[in-house]
Amino acid sequence: MNLFDYVRPASLSEAIAAGSKPGAAYLAGGTNLLDLMKAGVAHPGKVVDITRLPGLDRIETLSDGSTRIGAMVRNSDLARDPSFAASFPAVAEALLSGASAQLRNAATVGGNLMQRTRCPYFYDPNSACNRRESGAGCDAIGGETHSHAVLGWTETCIATHPSDFCVPLAALDAVVEMEGPDGTRDVPLADFHMLPDETSPGGADLKPGEIITALRLPAEAAAFAGNSRYLKLRERTSYAFALVSAAAMLRMDGDTIAEAHIALGAVAAKPWRASAAEELLNGATPDAETFARAAEAALDGARPSGDNAHKIDLAKRVLTRALTQAAAGTPDRMPALPASVFASVNGASAHA
Amino acid sequence: MPLSISLTVNGDRHDVPLEDARATLLDVLRERIGLTGTKKGCDRGQCGACTVLVDGRRVNSCLSLAMSMDGADVTTIEGLAQGEDLHPVQAAFIEHDGFQCGYCTPGQIMSAVGLIAEGEAGDDPERIREGMSGNLCRCAAYPGITAAVIDAQRRMAEAEDERKRA
């Protein structure tokens, strides 16, 4: 880890002033930043500790019915907030399927959005990586690619975004609130993470000095609470990043799907909203054939970026199953293994 | 800002001057305060050997920047026993063979204490295994660990009931 200056500003404006300087990095829970610094991937000259800024740790309902979550709310606190979990069960399930209990106690809402890709070539300073160094090239291409992107990638970057939390958030039209040297700004979460193009590797839409202050879920997002699931396929039962994941939320009208919201995780450099699949489901009857067609539509245009064609099939199966689980109804209690493919449809223990 | 932090560790206050800001809470506990029960395993948040309680919540001390922990109330494995009386989780780990080499054990025990305090897992072995998944045991003592957590949780609940009746 490199030497750095440490500052702990008392106000948001002081933090932004300090964080606007070249080489500065904001520190919240530190679960990703410290790891990156230890790996030699991140080497900030100044660490600006924003954990004690006032007013960023609240979960509140605004007058328009939307839910506002302060950027410094810890992942575990949000997932275990009874009112939040009841209104947005798939978000709570996604949070609890991520990392470990220790990490969730430290990691913050804002930090989750800002976490970097887990591409091993990004994490290895001896490999070429356009995300680490613009124009350096990409050693992942032609390398070990079994977990890399199958949607939205270019020759510049084939990394995926690792967040579970962001997947249902993208499906529920969450909005990111930011404040920076030029004032405040709102960006839909679905646009916050930018895909790579022919020259840029993409990344978070955050300008120098800007801080994520909150996340907002619109009032309408709670209408999906009765039929919401997150399903995450990983290479071990717990404490692993997704190989592919899906958030499926349905607003039912009797036996018909009135409205579907769907996003896929770990398939692209951003949580992947599947609008074509949603349109196909709106007004449809929830049955296996319809869900299979929706899954085909969600993966339309997918292509392997290496040895990962299997992810396309896996994503279709995971989405089909997530939709089936959502149609069966949100479990009364959080499943013992949140988002696990080893849990039964209703979330009951598979091998207690 | 002078580089100095104040921590309450197992009830005792420590004022620790730091040479530079790079120290983690784990480094300070082991190298500066001399509490080596908390272990450095992977040092990257992947194994859980460094688990301690900060303000009552279990965290990976290897990923906690010490400067950011200024003022925190920390509990380590050294702070659990009351004199010669082991904490119920410590006693249960011995009784149920919850370890072999013992390197991960302080982290396992602190994580179990945190898990029981969270009150989510009860005596469901699957919820306990899931709740303990941030702690790896390369000796694979997992069946004993799960049994120990279930037993300790039950004993602590019984002791609490008894205390309330008294």
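Author: Buried means under 20% relative accessible area, exposed over 50%, and partly exposed in between (1.4 Å probe, protein chains only). Helix H5 of chain A, residues 89-96, is mostly covered, with eight of its eight residues buried. Among them are Pro89(A), Glu93(A) and Leu96(A).

Reader: What kind of model is this, and how are the parts labelled?

Author: This is a predicted model, where local features need pLDDT of at least 70, side-chain atom pairs count only at pLDDT 80 or more, and totals for chains, interfaces and linings use all residues. Residues are numbered from 1 along each chain as its sequence is written, chains are lettered from A and ligands numbered from 1 in the order in which they are written, and side-chain values use heavy atoms, with hydrogens and water left out.

Reader: How many residues does the contact take from chain B and from chain A?

Author: Contact means heavy atoms within 4.5 Å. Chain B contributes 37 residues and chain A 42 residues. Buried area is the accessible area (1.4 Å probe) that two parts lose on being put together, summed over both. Between chain B and chain A this is about 3,300 Å², with 47% given by carbon and sulfur atoms. In chain B, Leu63(B), Glu126(B) and Glu130(B) lose the most area to chain A, together 21% of what that side buries.

Reader: What is the count of salt bridges between chain B and chain A?

Author: A salt bridge is a side-chain nitrogen of Lys or Arg within 4 Å of a carboxyl oxygen of Asp or Glu. The count between the two chains is five. Separately, the side chains of Lys38(A) and Asp43(B) form a salt bridge at 2.9 Å, N to O. On the side of chain B that touches chain A, strand E4 (57-60), helix H3 (105-118) and helix H4 (125-131) of chain B each give two or more residues. H4(B) gives the most, with six residues.

Reader: Which domains does the assignment give for chain B?

Author: Domain bounds come from an automatic or database domain assignment. For chain B it gives domain 1 (4-79) and domain 2 (88-165). Their centres, taken over C-alpha atoms, are separated by 22 Å. The area buried between these domains is about 1,200 Å², of which carbon and sulfur atoms give 57%. Across their interface the rule finds one salt bridge.

Definitions and conventions:
Helices (H or I, at least four residues) and strands (E, at least two) are DSSP runs, numbered from the N terminus.
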